[in-house]
Amino acid sequence: MVADPDGATFILFKGNVEAPPAHSANEVGRIGWNELHAGNWEKAWEFYSGLLGWTKETAVDMGPMGTYQTFETGGAGGGMMTRMPQTPAPFWLYYINVESVEAAVRRIEKAGGKVMMGPHEVPGGAWIVQGSDPQGAIFAVTSQNR
């Protein structure tokens, strides 16, 4: 387990098999999107692209929220942005694929979690919800279905 220069933690590992089993990027229950809330996204980009060979995809101007830079890495993708001032520290947010974000909202609330943002449609037509579990851990869900 390591941290980037801004303190966002991540794990580097190598599996013990030649190739991981193939799966769809949209498969329910899998991580469908990776998102870095960085101290400074441009500096974070230099670090991660140099370390892991990522390539830039689309840069989205989010107005006062700054730039959201998407990236690609060997068939998987994600995005990064400079964290909002109210975000206490840089971190990685993982979006879990679900059948429907509205159904996920009902499950989150029934289980004692909280919806922090969403449902919200993002470019490309996907829907997202960001939430926290009863202990306060932040997570997100995504689906092509509201």
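The questions and answers below concern this predicted model.

Trainee: Which helix has the highest confidence in the protein?
Mentor: The model is predicted, and the mean pLDDT of the protein is 92, with 97% of its residues at 70 or more. Confidence is lowest in strand S6 (residues 76-82), at a mean of 91. It is highest, at 97, in helix H2 (residues 101-110).

Trainee: Is Gly 39 buried, partly exposed or exposed?
Mentor: Gly 39 lies in the loop between strand S3 (31-38) and helix H1 (41-52). Buried means under 20% relative accessible area and exposed means over 50%. The relative accessible area of Gly 39 is 31%, so this residue is partly exposed.

Trainee: How many Å apart in space are Gly 39 and Pro 90, C-alpha to C-alpha?
Mentor: Gly 39 touches Asp 6, Thr 82, Arg 83 and Pro 90, not counting residues up to four places away in sequence. Gly 39 and Pro 90 are 51 residues apart in sequence. In space, C-alpha to C-alpha, the distance between them is 5.6 Å.

Trainee: What span does H1 reach from its first C-alpha to its last?
Mentor: Helix H1 has 12 residues, and the span expected at 1.5 Å a residue is 16 Å. The span in the model is close to that expectation. From its first C-alpha to its last, H1 reaches 16 Å.

Trainee: Why are the buried residues of H1 on the same side of the helix, and what arc do they cover?
Mentor: The buried residues of H1 are Trp 41, Ala 44, Trp 45, Tyr 48 and Ser 49. They lie on the same side of H1 because the arc they cover around the axis is only 120 degrees. The face turned away from that buried side carries the exposed residues Lys 43, Glu 46 and Gly 50. What covers the buried residues includes S3, S6 and S7, among others, and the arc asked for is 120 degrees.

Trainee: Which residue has a side-chain oxygen that reaches the backbone nitrogen of Glu 42?
Mentor: The two ends of H1 may be taken in turn. H1 is followed by Gly 53, whose phi is positive, near 75 degrees. At the start of H1, the side-chain oxygen that comes to within 3.0 Å of the backbone nitrogen of Glu 42 belongs to Asn 40.

Trainee: Which residue has the backbone oxygen that the side chain of Ser 49 reaches?
Mentor: Ser 49 is found in helix H1. With a relative accessible area of 19%, Ser 49 is under the cut-off of 20% and therefore counts as buried. At 2.7 Å, its side chain reaches the backbone oxygen of Trp 45.

Trainee: What is the relative accessibility of Ala 8?
Mentor: Ala 8 is found in the loop between strand S1 (2-3) and S2. Among the residues it touches are Leu 36, Tyr 48, Pro 90 and Phe 91. Ala 8 counts as buried, because its relative accessibility is 0%.

Terms used
Residues are numbered from 1 along each chain as its sequence is written. This is a predicted model: local features need pLDDT of at least 70, side-chain atom pairs count only at pLDDT 80 or more; totals for chains, interfaces and linings use all residues. Side-chain values use heavy atoms; hydrogens and water are left out. pLDDT is the predictor's confidence in each residue, from 0 to 100. Helices (H or I, at least four residues) and strands (E, at least two) are DSSP runs, numbered from the N terminus. Buried means under 20% relative accessible area, exposed over 50%, partly exposed in between (1.4 Å probe, protein chains only). Contact means heavy atoms within 4.5 Å. The expected span of a helix is 1.5 Å times one less than its number of residues. The arc is that of the directions from the helix axis to the C-beta atoms. A polar contact is a pair of N or O atoms within 3.5 Å; within protein, one must be able to donate a hydrogen and the other to accept it, and residues adjacent in sequence count only if both atoms are side-chain atoms.
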